[in-house]
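Me: I have a model open and want to learn how to read it. Can you take me through it feature by feature?

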Amino acid sequence: MIARRDLAARVASVEDLTRTCFRLELTCREPVVAVPGQFGMLRCGAELDPLLRRAFSFAGVRQVGEGWVVEMHIKEVGKGTTLLRRLAPGARTSLLAPLGNGFTLAGLSGGRLALVAGGIGLPPVLFAAEVLAAEGRPFDLFFGAARASELYEIDRLAAATAAVGGELGLCTDDGSRGEAGVVTGALERRLAGGREIGRVLACGPDPMLRALGRLATARGLDAELSLEEPMACGVGVCLGCVVELEDGSLVPSCKEGPVFPVRRLGERWRS
Ligand SMILES: Cc1cc2nc3c(=O)[nH]c(=O)nc-3n(C[C@H](O)[C@H](O)[C@H](O)COP(=O)(O)OP(=O)(O)OC[C@H]3O[C@@H](n4cnc5c(N)ncnc54)[C@H](O)[C@@H]3O)c2cc1C
Ligand code: FES
């Protein structure tokens, strides 16, 4: 894995995905090599406020000509993300990356691989789906959001799952598209229907991840959760992102994670 660096980047494009989420593409001259689940700490603007960079997962990384394009999907929730949405193409920024670990995509001994995303948890799951599809490894993908207008990148998800004969299951809390109800319900129904699931890889809001943690614990499923603990430094120094493990120890999520096997995590994620 390539060591982290502070990469000079320029904004290539900013494009709305939903009412609140947008795609930000950055170009870097230096190579960016990352695996699904890794993230970067991005400077939000030219001013000193906000001082701290913000953490964003990679939705994809690709080489274009002599440069590298980093794709991120960002939900506008506060000052930093609002500034990022307003950046114009060509604006300069910097990205500390790649950071953290990634999902375990290889080594499935039996059953199917299930990718699960909730809302703005989609970026690392989409990245994983497109890597798996390119490698010809089968998987099913379940994507849930509050309502139809918050589901996005459906064509890319459909193409990736179709490439390997997998299922794309869409869910909305209000039933406006796909199955009605939470995305973990779709997974439970597949399990109840007899589908053998060998591993679950997931990213989404805390309640979704905790529900998956409970499900995985109850059924003895191999599952990995990508946590989004608020981060200040991203490199294990400030200890602002600590996560409690099953043995009671506290570890920085930015270095030991953000992806953790459910069996390593403390009670908060399993009950
Ligand atoms: C490893 C990692 C990967 C992430 N990947 C993505 C991604 O791909 N796309 C994306 O949109 N966001 C992602 N996030 C969350 C993102 O970092 C925050 O939304 C962002 O820092 C908010 O910055 P802000 O200045 O706009 O908001 P602030 O003004 O800092 O906060 C606004 C509101 O958002 C809440 N908030 C801040 N950080 C988080 C967080 N980590 N989780 C939940 N609520 C938070 C605050 O409590 C507050 O209520 C990720 C976080 C981590 C740790
Ligand atoms: S964000 Fe500083 S230790 Fe993880």
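**Helix pairs, domains, ligand and backbone**

Reply: Start with a helix pair: the axes of helix α2 (residues 122–135) and α3 come within 8 Å and cross at roughly 35°. Helices here are DSSP runs (H or I, at least four residues), strands likewise (E, at least two), numbered from the N terminus. Axes are lines fitted to C-alpha atoms, for helices over the stretch in contact, with angles from 0 to 180 degrees between N-to-C directions. This is a predicted model, where local features need pLDDT of at least 70, side-chain atom pairs count only at pLDDT 80 or more, and totals for chains, interfaces and linings use all residues. Residues are numbered from 1 along each chain as its sequence is written, and chains are lettered from A and ligands numbered from 1 in the order written.

Me: Is the crossing of α2 and α3 left-handed or right-handed?

Reply: A crossing is left-handed if the near helix is turned anticlockwise from the far one by less than a right angle, and right-handed if clockwise. The α2 and α3 crossing is left-handed.

Me: Which residues of α2 and α3 meet?

Reply: Contact requires C-beta atoms, placed from the backbone, within 7 Å. From α2 come L126, A129, E130 and A133; they meet R156, L157, A160, T161 and A163 of α3. By class, that contact has 6 nonpolar, 1 polar and 2 charged residues. Nonpolar covers Ala, Val, Leu, Ile, Met, Phe, Trp, Tyr, Cys and Pro; charged covers Asp, Glu, Lys and Arg; the others, Gly among them, are polar.

Me: At what angle do α4 and α5 pack?

Reply: About 20°, with the axes of α4 (residues 183–192) and α5 (residues 206–219) 9 Å apart. Angles under 35 degrees count as roughly parallel, over 145 as roughly antiparallel, 65 to 115 as roughly perpendicular, and the rest as oblique. So α4 and α5 are roughly parallel. Their crossing is right-handed. V183, T184, E188 and L191 in α4 meet M208, A211, L212, L215 and R219 in α5.

Me: Where are the domains of the protein chain?

Reply: Bounds come from an automatic or database domain assignment. It gives domain 1 (5–99) and domain 2 (112–227). Their centres, over C-alpha atoms, are 24 Å apart.

Me: How many residues are around ligand 1?

Reply: A residue is near a molecule if its C-beta atom, placed from the backbone, lies within 6 Å of it. Ligand 1 has 22 around it, with R54, A55, G78, G80 and T81 coming nearest. Elements giving two or more residues to this shell are β4 (54–57), β6 and α1 (79–85). The shell holds 12 nonpolar, 5 polar and 5 charged residues.

Me: Which residues does a cis peptide bond join in this backbone?

Reply: One such bond joins G257 and P258, with omega about 10°. P258 sits in the loop between α6 (253–256) and β16 (259–261). The bond from A97 to P98 is also cis, with omega near -10°. P98 lies in strand β7 (residues 92–99).

Me: What is the phi of E153?

Reply: Positive, about 60°, although E153 is not a glycine. E153 is in the loop between β9 (140–145) and α3 (154–163).

Definitions and conventions. Contact = placed C-beta atoms within 7 Å.
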